[in-house]
Amino acid sequence: MRITRLAGGIVFGLISCLGVAFYAAGRNQGPSDLFKQYCAKCHGEDGTANTPKGKQLKARDFTDPEFQSGKSDKDLIKTVTNGGEDMPAFGKKLSPEEIEGLVKNDVRSFRKK
Ligand code: HEC
């Protein structure tokens, strides 16, 4: 009786550990779907712009610390909304909330820790 309860406890513990691990892994799985859909073509799913289009247009490497510290969220939101030299404008395609999320959650997430 006692043994079964102990075994049950261990099994339950293992399962919940796995659950937490999977949950955590899922949350760290890189860029959002929105980023993959609209931005990864040039900026790459890893943010380094190491894609044919990214290299051709010289898109920014989001993992570059100088890039990350050189611009404020406001600057970046402005560029994504209005476009840059070769960076397309997304102000008509995406809502301000979506653009803010892309900058704060995706672009900033590539910052090297
Ligand atoms: C067609 C290729 C292309 C796509 C698609 C693209 N970008 Fe860019 N992006 C660029 C290029 C090229 C630059 C380099 C700066 C410039 O051209 O103005 C850039 C620069 C940037 C910068 C840096 C701006 C700065 O002030 O230095 C940010 C932030 C950015 N892109 C975010 C995004 C986000 C978010 C998306 C998706 C919604 C996206 N980009 C989609 C090509 C692209």
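**Exercise 1. Find what share of the residues in the protein is buried, and describe its secondary structure.**

Solution. Buried residues make up 19% of the 113 residues in the protein, a value computed on a predicted model.

**Exercise 2. Determine which residues and helices surround the ligand.**

Solution. Begin with the residues themselves: the ligand is surrounded by 24 residues, and the closest are Cys39, Cys42, Ala59, Gly84 and Met87. Next, assign the shell to helices, where H3 (40-43), H4 (52-57), H6 (73-82) and H7 (96-106) each supply at least two residues, while the largest share, 4 residues, comes from H6. Finally, sort the shell by class, which gives 13 nonpolar, 3 polar and 8 charged residues.

**Exercise 3. Work out how H6 and H7 pack, and which residues meet.**

Solution. The axes of H6 and H7 lie 9 Å apart, and the two helices pack at an angle of about 130°. Because angles of 65 to 115 degrees count as roughly perpendicular and those over 145 as roughly antiparallel, H6 is therefore oblique to H7. The crossing of these two helices, H6 and H7, is right-handed. At the residue level, Asp73, Leu76, Ile77, Val80 and Thr81 of H6 meet Ile99, Glu100, Leu102, Val103 and Lys104 of H7, and the residues of this contact divide into 6 nonpolar, 1 polar and 3 charged.

How values were computed:
Residues are numbered from 1 along each chain as its sequence is written. This is a predicted model: local features need pLDDT of at least 70, side-chain atom pairs count only at pLDDT 80 or more; totals for chains, interfaces and linings use all residues. A residue is near a molecule or strand if its C-beta atom, placed from the backbone, lies within 6 Å of it. Ala, Val, Leu, Ile, Met, Phe, Trp, Tyr, Cys and Pro count as nonpolar, Asp, Glu, Lys and Arg as charged, and the others, Gly among them, as polar. Axes are lines fitted to C-alpha atoms, for helices over the stretch in contact, and angles run from 0 to 180 degrees between N-to-C directions. Angles under 35 degrees count as roughly parallel, over 145 as roughly antiparallel, 65 to 115 as roughly perpendicular and the rest as oblique. A crossing is left-handed if the near helix is turned anticlockwise from the far one by less than a right angle, and right-handed if clockwise. Two residues are in contact if their C-beta atoms, placed from the backbone, lie within 7 Å. A residue is buried if 20 or more other C-beta atoms lie within 10 Å of its own, exposed if 12 or fewer, and partly exposed in between; C-beta atoms are placed from the backbone.
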